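User: I would like to learn how to read the features of a structural model step by step. Could you take each general idea and then show me the case at hand?

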Amino acid sequence: MKTIPTFYYHLIGLLSLALALPSCIQDTCEATTTFQAYEPVYVKPADFRHAIEFEAPKDLENPGKIYVYQDILLINERGAGIHLIDNSNPEAPQPFGFLNIPGNVDMAVRGNMIYADNYVDLVAIDITNPNSPVFAGRTEEAIPSHSFDEEQGYLVRYEEVPMTEEVDCDSYTGNSFWRDGTLFIDVAAGGVAQDFANESAGQAQDVGVGGSMARFTLAQDHLYVVDEHRLHVFGLSATPEPEKINVVDIGWGIETIFPYGDKLFIGAANGMYIFDNSVPTAPEQLSVFRHATACDPVFVDGNIAYVTLRNGTECETFTNQLDVVDVTNLTDPVLINSFSMHNPHGLSKLHNALYICENEQGVKIFDATDPATVGNEQIGKMTGFQAYDIITLQGNLAIVIGDNGLYQYDISNPEAPRRLSNLLSL
């Protein structure tokens with residue numbers, strides 16, 4: 001029996017709304033209507049369980065998350081792999097190869113070892129010689145976030161296919177219907193996101209730095225991965241392949257993870273979860289800061305957590321704001337203030353400046369000297385591109401990724417950031 005994976009619950013919610021709307025063909029028994037058909041795409045294990053290949057550099061086409069390890073910049077090509085870029089000179093970044101990893105969305109690096117998702121598996125790639133990466137191993141079913149069919153394989157996404165056809169009253173209910181495993185939605189009823197698949201600060205010299213949109217993070221010699229409902233804990237000391245040692249149930253709509261000291265801050269659709277990680281094999285939940293349902297990356301600095309909430313189909317909300325939370329008492333986080341935003345995504349903080357990606361409006365920079373007024377004190381901006389996530393580094397460097405590609409800035413003066421370079425996507 002086929003099952004719908006957990007990350008399609010957002011879709012079910014949208015369908016519930018669609019079915020509540022009046023049908024546009026109630027008075028007829030037949031009509032020719034244009035639909036968006038969402039056909040299931042399956043991948044068999046044999047199609048991706050093989051050694052990871054290192055290929056020549058490729059153009060950015062659909063850039064996703066970013067990660068920095070020493071002088072190497074890693075850019076995820078959504079669902080396809082990882083671009084490796086020599087960033088020793090941020091004014092002239094040099095792509096030097098591409099890791100072909102089907103189904104890849106996230107990555108983390110420790111001790112010259114890249115850990116990356118390969119659909120449901122976790123793969124390890126040794127980059128001791130970054131110009132000649134070596135596939136080091138695989139942990140199968142490490143992140144079981146896709147349903148499995150014995151004949152067809154893993155259901156990894158739904159693919160949008162426009163279709164016009166005649167439908168009768170019996171098959172057409174409201175604005176959508178299922179047929180032979182395919183979802184059809186009347187385009188007149190409104191769109192649905194095409195891709196339903198899963199969409200930190202460094203601690204030591206051998207550990208890299210990820211952005212606030214990350215689902216992977218490293219802390220205390222362990223790798224932590226969140227899926228829609230759980231926190232997966234992997235040991236990294238025994239073999240190149242990460243060893244799963246614990247799974248912690250959290251809740252629903254889990255999206256991001258951010259480490260700070262011996263704590264883990266986990267962003268979810270309904271709140272920010274705080275975990276004590278002093279025992280790295282067994283993270284323990286301390287508290288939850290509840291907020292309106294929304295997508296919510298988290299960045300923590302000292303006793304202050306900055307949480308961006310945004311709307312969108314996958315976020316199931318109309319909220320766009322910045323929440324500033326006092327986490328001095330980790331068992332009782334307290335909201336300091338909320339500030340209206342345009343459509344905030346990833347964020348980062350360096351010194352007394354807070355950097356927030358505001359989608360097509362680029363990056364907005366705020367004076368964070370006083371957390372209670374931060375959202376009212378915009379002091380600078382980076383514009384001319386769509387901004388998804390940002391990493392700020394101690395050399396006064398900001399690295400921004402978005403649909404338009406990669407942008408790097410000198411932020412010595414946050415009131416007037418100076419663009420150093422960009423790698424544009426196709």
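User: In what order do the four strands of the open sheet follow one another, and is the pairing parallel or antiparallel?

Analyst: Please keep in mind throughout that this is a predicted model. As a general idea, strands of a sheet pair through backbone hydrogen bonds, either parallel or antiparallel. In this structure, four strands form an open sheet in the order 32-33-34-35, and their pairing is antiparallel. Strand 32 (389–393) and strand 35 (418–424) are the edge strands, each of which pairs on one side only, and from one strand to the next the twist averages 15°.

User: How many bridges hold strand 33 and strand 34 together, and which residue of strand 34 stands opposite Ala-398?

Analyst: Strand 33 (residues 397–402) and strand 34 (residues 405–410) are paired in the antiparallel sense over six bridges, and the residue opposite Ala-398 is Tyr-409 in strand 34.

User: Is Tyr-409 buried or exposed, and what does Tyr-409 touch?

Analyst: Tyr-409 has a relative accessible area of 5%, and because buried means under 20%, Tyr-409 counts as buried. When neighbours within four places in sequence are left aside, the contacts of Tyr-409 include Met-382, Phe-385, Leu-397, Ala-398, Pro-417 and Arg-419. With Arg-419 there is also a polar contact, in which the two side chains are joined at 3.1 Å. The C-alpha atoms of Tyr-409 and Asn-422, which are 13 residues apart along the chain, are separated by 9.1 Å.

User: Where does Ser-425 lie, and which backbone oxygen lies 2.5 Å from a polar atom of its side chain?

Analyst: Ser-425 belongs to the segment after strand 35, and with a relative accessible area of 15% it is buried. The backbone oxygen in question is that of Asp-403. Not counting residues up to four places away in sequence, Ser-425 touches Asp-403, Asn-404 and Gly-405, and also Leu-60, Glu-61 and Pro-63.

User: How should I read Gln-378: is it buried, exposed or partly exposed?

Analyst: Gln-378, which lies in strand 31 (residues 378–382), is partly exposed, with a relative accessible area of 41%. Its side chain reaches the backbone oxygen of Gly-380 at 3.3 Å. Beyond residues up to four places away in sequence, Gln-378 touches Lys-364, Ile-365 and Phe-366, and the C-alpha atoms of Gln-378 and Ile-365, 13 residues apart along the chain, are 5.6 Å from each other.

User: Turning to another part of the chain, which strands pair with strand 6, and what stands opposite Asn-100?

Analyst: Among the partners of strand 6 (residues 94–100) is strand 2 (residues 53–55), paired in the antiparallel sense over three bridges. Strand 5 (residues 81–86) also runs antiparallel to strand 6, to which six bridges join it. Asn-100 in strand 6 stands opposite Glu-53, and Gly-81 likewise stands opposite Asn-100.

User: Which residues of the largest nonpolar core touch the most other members?

Analyst: In soluble globular proteins, nonpolar side chains tend to be buried together. Here the largest nonpolar core has 31 residues, of which Leu-74, Ile-82, Ile-114 and Leu-223 touch the most other members.

Key
Residues numbered from 1 in each chain as written. Predicted model: local features only at pLDDT ≥ 70, side-chain atom pairs only at ≥ 80, totals over all residues. Heavy atoms only, no water. Pairing = 2+ DSSP bridges. Helix = DSSP H or I, 4+ residues; strand = E, 2+ residues; numbered from the N terminus. Core = buried A, V, L, I, M, F, W, Y, C linked by side-chain atoms within 4.5 Å. Buried < 20%, exposed > 50% of the residue type's maximum accessible area, 1.4 Å probe, protein only. Axes fitted to C-alpha atoms, helices over the stretch in contact; angles between N-to-C directions. Polar contact = N/O pair within 3.5 Å; in protein donor to acceptor, adjacent residues only side chain to side chain. Contact = heavy atoms within 4.5 Å.
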